[in-house]
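Here is a walk through one protein model, written for someone who would rather look at the structure than at a table. Keep the viewer open while you read.

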Amino acid sequence: MEKFVQITGYAAPMPMNNINTDMITPKQVMKAVSRKGLSWGLFCEYRFDDQGNENPDFVLNKEPWRRASIVVALENWGCGSSREHAPWAMLDFGIRSVIAISFADIHYNNCFKNGILPVALKPDEVARVMKDAEAGKPVTVDLPSQTVRLEDGAAFPFHVDPFRKDCLLNGFDDIALTMLESDKIDAYESAYRKKVPWLFDRRPAGREPAPFR
Amino acid sequence: MGRPNTLYDKIWDSHVVHQYEDGTCVLYIDQHLIHEITSPQAFEGLRMAGRKVRRAEATLAVADHDVPTTSGRSDDCDDPEARLQLQLIRQNTREFGVEYFGFEDVRQGIVHVVGPEQGLTQPGMTVVCGDSHTATHGAFGALAFGICTSEVEHVLATQTLLQRRSKNMRISVEGELPLGVTAKDLVLAVIGKVGTAGATGHVIEFAGSAFRGLSMEGRMTVSNMAIEAGARAGLFAPDEKTYAYLKGRPYAPPAAMWQKAVDHWESFRSDPDAVYESEVTLAAAAIEPMVTWGTSPEDVISVNAAVPDPDKVAVESKRNAMLQALAYMDLKPGQKVTDIKLDKVFIGSCTNSRIEDLREAARVVQGKKVASHISALVVPGSGLVKAQAEQEGIADILIQAGFEWREAGCSMCIGMNPDRLRPGERCASTSNRNFEGRQGPKGRTHLVSPAMAAAAAVAGHFVDIRTWA
């Protein structure tokens, strides 16, 4: 996973609530079988018309936000489907951070798995960031100090779980981290097997698989 | 000993393998379900890292999202991208030793219908799947939630997930649901009250006599939509109905271990004085048949109500969202719900495609005809539901009424397969999301119960099912 330490860039303003993952990456993006190369799918039903031409009114088709590395939205960003295609497409487009008032749980978590930092700020702070975003001013998101900084020096602190922060700063792979605890998983599993034996070696007990049609 | 715990706390505590300093836990996963859309990149990741599947027997694979639902289908379907995903899930599961229900298997169907039907979902378990509607399995008192593809890979490799504990929310509905009001109406009413982000960061426990009174199918409908209130999961305490549903299912505990299993399951109940960070209460008697009018499941009103007026909304962001939703849905403030004319009716999805849902639809349309301008589709949740419905004569009733009768799959809930709305079409749907474009680009979705959808198919517009003769 790509590390996240600090980024400074243009922030695309999307002053809406409930931007769901069906909007971020509609179903056609979910036909992909690789994690890479999905930038075309980011908001594609809003960015492009039926012929594939750019919609000039959509924020990500305008300068300077074609080069945005941050998105600013209001409440409940990323609600709905659990699709990781949303952060994959965001990352491939170049989005490394989302600043919003609140996030939906699954998507919030999915961002961290892909080197994207979701930042929750207070409504008035988001309004300030939104203003700078709309003015095309650069916004800085700094993970070590856990602050969002604006051009005029305004700084807003944000919360991030220490474990997730550590993973992002170092670009750690979750699976490799968990595998460091393999002994504990083995021990848990053997004790658990005694407690709930019917959940192990599961097969349709005493039954043949259903007949083929 | 210790503080009183909720059902959620008990499942969580019994699955913690390791806790890091900041509270992040390595959580053991009992049952993993995978499908063709969110698994290819996970297997690709395993292959690239040279990793194996830790416990292949704990994962079941089934294709459902982009499968065609017409008869005679095979992996070699018309859509080249779907074809690739169908071929990949078959190859990947074979390579890594995971059981897969393909088209040739009568057990194929929507992953959240298949799991419970096979007895894979049991009380006190942790169940995950790369799909937000994994919440469905909470109906059994299992902690079930949707995960992303990287986490699918994590579960395959380690049989665990890195998770943080959620807060507890209890939603209590006391009393008896009025005649004609179903589990779907109940959960839509709950979402209308809580809001689409109201339960973010929480796991819901559904409590009270109205929830207890539901069948297992009804409970699955409710848990399924917990995610639409923003919840991580939505649980029901297991009881005799849960055990009766499970008994004799292929993957349920065998007879020799049954009593031991029931004793174990009985321990998964909230303590009487357990504390919930958040409480919501509704009265069952006040709930009516519900219809969504907008583009979020929280945009829901009674069938007897009128489309709401944005001018009466004070908060600007909410007013703008409402204006945008009304424009997208081509509805006017004040318009009566029963005057909304439809083009399509869809009965199916992981929310409402079980045998009870199909029985309900058949009961409503028996001896009647689908309106001439409506195209109506019934898609059973699994091959086994389909076979049962055919055996019970339900399929014949629906077909005679003019419904198309299809093979199992997600179908028009997600529009990733050939079943979808055309731009501008309006659909009464028993599915779970009315987002813009969800059922097809520029398609318009109204979420309703199976009975309401069936009645709307006959009338050609919404009708109050309580007045249906």
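## The sheet in chain A

In chain A, β2 and strand β3 (residues 70-73) run parallel and are joined by four bridges. One spot to look at is Ala11(A), which stands opposite Ile70(A) in β3(A). Helices and strands here are DSSP runs, numbered from the N terminus (H or I, at least four residues, for helices; E, at least two, for strands). Two strands pair if DSSP finds at least two bridges between them.

Zoom out and you get an open sheet of four strands in chain A, in the order β2-β3-β4-β5, with parallel pairing. Its edge strands are β2 (11-14) and β5 (117-120) of chain A, each of which pairs on one side only. From one strand to the next the twist averages 20°; the axes behind such angles are lines fitted to C-alpha atoms (for helices over the stretch in contact), and angles run from 0 to 180 degrees between N-to-C directions.

## How to read the numbers

This is a predicted model, so local features need pLDDT of at least 70 and side-chain atom pairs count only at pLDDT 80 or more, while totals for chains, interfaces and linings use all residues. Residues are numbered from 1 along each chain as its sequence is written, chains are lettered from A and ligands numbered from 1 in the order in which they are written, and side-chain values use heavy atoms, with hydrogens and water left out.

Most residues other than glycine have a negative phi, and most peptide bonds are trans. Now for some exceptions. A cis peptide bond, with omega about 0°, joins Glu63(A) and Pro64(A), and Pro64(A) lies in the loop between α2 (44-47) and β3 of chain A. Asn18(A), in the loop between β2 and α1 (21-24) of chain A, has a positive phi near 55°.

Over in chain B, Lys442(B) is not a glycine either, yet has a positive phi of about 65°. Look for Lys442(B) in the loop between β18 (426-429) and β19 (444-447) of chain B. Its relative accessibility is 48%, so Lys442(B) counts as partly exposed (buried means under 20% relative accessible area, exposed over 50%, partly exposed in between, with a 1.4 Å probe and protein chains only).

## The cores and helix α15(B)

The largest nonpolar core has 58 residues, and those touching the most other members are Val345(B), Ile347(B), Leu358(B), Val365(B), Leu398(B), Phe403(B) and Phe462(B). Elements that each supply at least two residues include α11 (316-329), β15 (344-347), α12 (355-365) and α15 (450-459) of chain B. The largest share, eight residues, comes from α15(B). A second, separate core of 56 residues includes Ile7(A), Ile19(A), Ile95(A) and Leu121(A). A nonpolar core is a set of buried Ala, Val, Leu, Ile, Met, Phe, Trp, Tyr and Cys residues joined through side-chain atoms within 4.5 Å.

How covered is α15(B)? Mostly: nine of its ten residues are buried, among them Pro450(B), Met452(B) and Val458(B). The cover includes β13 (290-292), β15, α12, β16 and β18 of chain B. Just after α15(B), Gly460(B) takes a positive phi of about 90°.

Val345(B) has contacts (heavy atoms within 4.5 Å) beyond its sequence neighbours within four places, including Phe403(B), Ala453(B), Ala456(B) and Ala457(B).

## Aromatic rings

Over all chains, a search of the whole structure finds 18 aromatic pairs. Rings of Phe, Tyr and Trp (its six-membered ring) pair if their centres lie within 6.5 Å; planes under 30 degrees apart count as stacked, over 60 as edge-to-face and the rest as tilted. The rings of Tyr188(A) and Tyr28(B) are tilted, because their centres are 5.0 Å apart and their planes at 35°. This pair crosses between chains, from helix α8 (residues 182-195) of chain A to strand β2 (residues 25-28) of chain B. Tyr188(A) counts as buried at 14% relative accessibility, and Tyr28(B) is buried at 0%.

Ring pairs also link Phe43(A), Tyr46(A), Phe58(A) and Trp77(A) into a cluster.
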